[in-house]
Amino acid sequence: MSVGFIGAGQLAHALVKGFAAAGVIATHRITASSPDTDLPTVIGLRKMGAYFTTSNKETVNKSDVLFLAVKPHIIPFVLDEIGPDIEDRHLIVSCAAGVTISSIEKKLLHYRPAPKVIRCMTNTPVVVREGATVYATGTHAEVEDGKLLEQLMASVGYCTEVEEDLIDAVTGLSGSGPAYAFLAVDALADGGVKMGLPRRLAVRLGAQALLGAAKMLLESEQHPGQLKDNVASPGGATIHALHVMESGGFRSLLINAVEASCIRTRELQHLADQEKISPAAIKKTTLDKVLQQPGVTAAGVGVRTGLNLFNSSTSKHKKN
Amino acid sequence: MSVGFIGAGQLAHALVKGFMAAGMIATHRITASSPDTDLPTVIGLRKMGAYFTTSNKETANKSDVLFLAVKPHIIPFVLDEIGPDIEDRHLIVSCAAGVTISSIEKKLLQYRPAPKVIRCMTNTPVVVREGATVYATGTHAEVEDGKLLEQLMASVGYCTEVEEDLIDAVTGLSGSGPAYAFLAVDALADGGVKMGLPRRLAVRLGAQALLGAAKMLLESEQHPGQLKDNVASPGGATIHALHVMESGGFRSLLINAVEASCIRTRELQHLADQEKISPAAIKKTTLDKVLQQPGGTTAGVGVRTGLNLFNSSTSKHKKN
């Protein structure tokens with residue numbers, strides 16, 4: 001089985017690194033592509049033994065499982081570009097936040113009668129094999145396809161199947177979650193430094209405390225509130241700290257964060273589905289690079305003002 | 001080498017569980033004692049194969065490394081009770097927040113010329129072998145004693161030596177830290193549930209996201225701010241979430257928490273060192289149980305109104 005990545009950025013790099021560390025696939029069976037050869041992640045991918053190319057078509061031809069690891073607004077371009085090269089064997093796994101299975105299937109149905117699509121939401125800690133991944137299977141994906149993806153993603157962290165309508169909420173929680181944690185450790189370290197600790201030790205202790213607590217939670221049947229109670233002894237230091245956090249509405253800020261991320265995800269999805277995306281919204285250099293790929297025409301990717309990219313009927317006539 | 005625990009509560013239980021899982025010491029070489037036989041942790045300790053007794057003296061006699069795993073205000077009682085039984089071989093390790101090495105040495109010097117004392121601050125995730133521990137060595141503790149403790153504690157997580165004056169800050173950061181994390185996961189899960197996720201999945205994803213992010217931090221040379229930047233793509237869901245967190249002063253709440261916990265720790269230490277602790281402040285049932293122990297006299301533990309327990313000169317005459 002070969003795995004390919006359309007896109008060679010943070011996500012592709014993190015997944016390849018995790019898969020390699022897990023030994024779930026040999027890196028010589030991994031291909032990644034991007035028009036941009038200057039990305040620092042490209043160097044990393046090459047170092048790990050993955051094959052890098054500027055041709056998305058080449059990635060498709062070399063792969064069985066094809067991860068779409070590009071930003072959401074690039075997805076329609078990519079689908080039009082690789083559509084003609086998709087075969088029955090291909091399993092298309094989209095990792096793009098907010099991009100629905102139905103929008104992907106709609107595009108691919110121009111090229112194949114039964115495209116196998118899975119939508120996936122993961123996060124960057126796959127790079128250290130502690131990711132959090134959920135997936136939903138598309139109309140034509142078989143049970144075995146889901147299980148295959150689950151095997152891959154479970155090698156780099158937690159993975160479970162969900163109904164597609166939950167994925168935006170998962171984006172808000174565990175998709176963005178690592179950023180909340182990085183912010184928290186930065187602030188905890190500031191607190192430690194304020195009280196006299198050297199910075200490196202403070203960062204180390206803050207991260208270690210979060211890691212240990214998270215591991216306790218995952219391995220315990222107990223409610224987080226019960227675990228919190230166990231740590232807060234009467235009149236002690238911890239309960240004093242908890243009080244100042246509650247007074248400042250700490251919990252509410254985290255609920256707000258999950259909500260804001262989820263809402264923005266839905267917003268981006270809505271923009272993609274309903275609105276007309278002007279190609280000017282796509283960074284011009286990226287668009288130029290995409291257009292330089294063999295087989296990609298301006299008409300084919302809908303480079304006309306106000307064209308709805310997910311409903312383009314001209315893509316049927318895209319072949320040069 | 002035998003290890004003993006004065007105290008059979010959360011901390012003793014967590015350490016024994018961690019040491020056992022690490023294979024650091026056979027459980028038949030572990031003794032724990034407490035006057036209170038009804039603690040749920042006592043059952044856990046017995047189940048793990050540790051020897052439980054109501055006699056602190058018996059624990060002292062059976063051990064080489066002796067952990068003081070009782071609440072800070074109980075420490076002076078315990079020191080007076082076991083003082084006469086301390087031998088040259090004993091290494092006394094105090095885990096009590098805010099209790100200084102000098103206060104412990106001052107008490108023990110009434111019984112031995114060169115008591116070996118180490119002060120230690122750890123946290124509950126030792127139970128899953130991901131603790132965060134710092135220690136400072138006392139006047140008469142040798143380098144090997146420090147290394148021995150470090151070996152033990154490194155088997156259950158991160159462990160490093162520090163100057164004693166940093167320990168209160170460490171208490172505020174990684175001592176109380178797990179409680180901050182439990183609060184955070186509870187709130188993140190609320191956010192996920194608000195946006196449509198089932199509770200169990202939300203808790204799982206929240207904890208996993210924190211764990212993965214913490215592991216990334218610990219294994220990376222990069223600054224937490226850089227790792228945060230890597231996750232926050234332009235115009236995306238994560239940066240929207242980060243903004244609402246910053247708007248609410250998220251960072252400040254965590255600095256406040258570390259500070260509050262550290263300040264309270266110093267306060268408790270000050271109360272213990274400078275103030276006269278009325279025995280009425282000690283829960284009466286605990287005091288009764290201590291007094292029921294052989295060798296525990298009211299004069300010996302300073303049960304007189306207004307007596308400064310750490311400066312009691314009557315404890316020399318404590319033997320029945």
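What follows is a short walk through a sheet, its strands and a helical region. Keep in mind that this is a predicted model. The sheet in chain B is open and has 8 strands, in the order β3-β2-β1-β4-β5-β6-β7-β8, with mixed pairing.

**The sheet and its edges**
- β3 (51–53) and β8 (157–161) of chain B sit at the edges with a single partner strand each, so one side of each has no neighbour in the sheet.
- From one strand to the next, the twist averages 20°.

**Around β2 of chain B**
- Strand β2 covers residues 30–33 of chain B; B:Ile30 and B:Ala32 point one way, B:Thr31 and B:Ser33 point the other way, and all are buried.
- On one pairing, β1 (residues 3–6) of chain B runs parallel to β2(B) over 4 bridges, with B:Ile6 opposite B:Ser33.
- To get from β1(B) to β2(B), the chain passes through helix α1 (residues 10–21) of chain B, in a right-handed β-α-β crossover.
- β2(B) also runs parallel to β3(B), joined by 3 bridges, and here B:Ser33 has B:Thr53 as its bridge partner.
- Another right-handed β-α-β unit is made by β2(B), helix α2 (residues 40–47) of chain B and β3(B).

- Strand β7 (residues 131–137) of chain B is parallel to β8(B), with 5 bridges between them; B:Tyr135 is partnered with B:Glu161.
- Helix α9 (residues 199–218) of chain A lies across β7 and β8 of chain B, at about 155° to β8(B).

**An annotated stretch of chain A**
- An unreviewed UniProt entry places "domain: Pyrroline-5-carboxylate reductase dimerisation" at residues 164–268 of chain A.
- Over residues 164–268, chain A is 81% helix and 0% strand, and the end C-alpha atoms are 16 Å apart.

How values were computed
Residues numbered from 1 in each chain as written. Chains lettered and ligands numbered in written order. Predicted model: local features only at pLDDT ≥ 70, side-chain atom pairs only at ≥ 80, totals over all residues. Heavy atoms only, no water. UniProt positions renumbered as here; feature names shortened; annotations may be inferred. Helix = DSSP H or I, 4+ residues; strand = E, 2+ residues; numbered from the N terminus. Pairing = 2+ DSSP bridges. Axes fitted to C-alpha atoms, helices over the stretch in contact; angles between N-to-C directions. Contact = heavy atoms within 4.5 Å. Buried < 20%, exposed > 50% of the residue type's maximum accessible area, 1.4 Å probe, protein only. Right-handed = clockwise from strand over helix to strand, strands pointing away.
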